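The sequence and the structure come next.

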Amino acid sequence: MHHALYLEEILFNIFRPPESVAQRHHYTADLAVLARTCQTFKEPALNLLWVELVDLSPLARCLPEACRSSGKNYSFSRKLNEAEWKTLRSYTRRVQFIHGFSTHLGSLDDNSIRAVFNPPSSAPLFPNLRSLYWRDITSFPVVHVAVPLLTSLTLHVHFYPGGGCLSRHFLDSAADLCPNIKQFRIYMSRPHPLDETISRHVCRWTSLQVMGSHNVALNVDAITHLSSMSTLTRLSFTLSPKLADHITDLDSVFVFSHLAHLEIHSEFLASITGLLPHIQLPVVKGLVVKVWSSPSKQAVETYLTTIRNACPSDALTHLKLLDTGDQMRNPIHLDPQAQHHLTLDVLLPCMYFVNLCGIHVNLKWCVNLTDVDLLALASASPRLEHLIINDMWGWRTEGGITLDGLLQLLRACPSLYDMCFAIDTPTYTQIPEGLDVSFPARPRLWMNVVDSDIHAADVPALVSVFTEAKLEPAVFMAWSGTDMKHLAGARAARSLWETVYKQVKVAFTEESVAPETLDRSW
């Protein structure tokens, strides 16, 4: 064997996973073969084979005499002896990442999981574990041993009526067991009295870079602690009425000096607006607000005006305001005469931010934005890449942006590729006279035309405009929002838009093939 193959760095480059997902089908089996080939290959191959677990069944499958299976479900058939624990440790010491919730490849039963995470000795079974990502469907490993190298912890916690939450036992001692956490994310299926426990541990982690939570309301001590950390760059949390009132009563201002991304969830937009005067975000790039109670026009205008005091005009690049509502349980059917209307005057405060690359607004309102309005918005943000308006709820308008307006918008924002708005198609049986379709090369578009009206006679002209203007959609959606699907005429309109998309794709395919055919004619 060549002497270069005795160098572990060279073997690692040879054994590392292929970049193409299609080529990874036999990758783990190939590593297992390499590990059995010779002693030189064994360690590098096993290190790569065990570096990440996407399910925990290999922990049982590597001990065939103590393992039983039923289909893809595995478990230990008995208590492991000392030799078996030693064998298990020879593999688990290599594990750096656990994503222990994928069950399509295999699963380990709850009792076996508890045994694995609570070995008979005090030494951890996963001494080199860096990242743990766990979906708590039925149980969570009640860890009683330290995981000193763990820096990333993500938990999806689900609660069931009459059932307990084993995750709480772990969370009660998380800061002691995992003192070096830098990224902590927790997602609750519903609000739960774990808020204070989580806030207490957050206050003990001093090097957090990412803090993310859903249905978890941090207390004022946790917010104070997080604002003091220069390492923190991403933060998301649920704003409870109690915290909003507490912070509003304080005279202090929380300065998040290095925070680049902030996401706040709340029932009411007014609560978040009340919080903003008490925080400063000098370098924030992304601000995401999600509410589940539809805000009034005044609440939205006040919020968009208030964020100008918290964020510098040249810092913010991505702005999202999303009314998530409750689509599945309470689908809405908007009455254009009874609802608020999203107009340019509501969005005018966005024009204060000169470097915006993304605007995403989703409100249970009707949308009244014209070509002139969208071009005015784009004129203040020529670097726009994403302009998404009401992709969840639709526009509920008879108009929208015209084809001419669409082309003008794309010229005004050369980087714009991800967009969502209704297109006004007033019976285009031919390309409108005077419509300029000359266009420079640009990235393929991600386009959502939401609830745009369309007739069969419009299809040929729409295909011609997209083709001649060289607007190739990489992704195309129409009438795809949960509530839009149930409206009268949705299925027929979606079918016609799909026809437009397919014919445009065919046209671009023919264009790309034709030059290649000519080149081969010699």
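## Aromatic pairs

Rings of Phe, Tyr and Trp (its six-membered ring) are taken as a pair if their centres lie within 6.5 Å, and planes under 30 degrees apart count as stacked. The model discussed here is a predicted one. The structure contains 5 aromatic pairs. One of them joins Trp50 and Tyr91: the ring centres are 5.0 Å apart and the planes meet at 20°, so this pair is stacked. Trp50 belongs to helix α3 (residues 39-50) and Tyr91 to helix α5 (residues 82-92), and the pair links distant parts of the chain, 41 residues apart.

The two partners can also be described by their accessibility. Trp50 has a relative accessible area of 7% and is therefore buried, while Tyr91, with 22%, is partly exposed.

## A cluster around Phe476

Phe476 and Tyr501 form another stacked aromatic pair, with 5.6 Å from centre to centre and 10° between the planes. Because Phe476 lies in strand β22 (residues 473-477) and Tyr501 in helix α18 (residues 490-519), the pair ties together parts that are 25 residues apart in sequence. Phe476 and Tyr501 also belong to one aromatic cluster together with Trp497.

## Charges over rings

Two arginines are placed over tyrosine rings. The charged end of Arg61 sits over the ring of Tyr74, 5.4 Å from the centre of that ring. Arg308 lies over the face of Tyr352, and here the distance to the ring centre is 5.5 Å.

## Cysteines

How many disulfides does the structure have? The count comes to 0 disulfides, where a disulfide would need a pair of cysteine sulfur atoms within 2.5 Å. Cys178 has 0% relative accessibility and so counts as buried. Cys203, at 27% relative accessibility, counts as partly exposed.

## The nonpolar core

In soluble globular proteins, nonpolar side chains tend to be buried together. In this model, the largest nonpolar core has 148 residues. The residues with the most contacts inside this core are Leu226, Phe237, Phe256, Tyr303, Leu387 and Trp497.

What does Phe256 touch, not counting residues up to four places away in sequence? Among its contacts are Ile223, Leu226, Ser227, Leu232 and Leu235. Phe256 also touches Ile279, Gln280, Leu281 and Pro282.

Technical notes. Residues numbered from 1 in each chain as written. Predicted model: local features only at pLDDT ≥ 70, side-chain atom pairs only at ≥ 80, totals over all residues. Heavy atoms only, no water. Phe/Tyr/Trp six-rings, centres within 6.5 Å; stacked < 30°, edge-to-face > 60°. Helix = DSSP H or I, 4+ residues; strand = E, 2+ residues; numbered from the N terminus. Buried < 20%, exposed > 50% of the residue type's maximum accessible area, 1.4 Å probe, protein only. Lys NZ or Arg CZ within 6 Å of the ring centre and 35° of its normal. Core = buried A, V, L, I, M, F, W, Y, C linked by side-chain atoms within 4.5 Å. Contact = heavy atoms within 4.5 Å.
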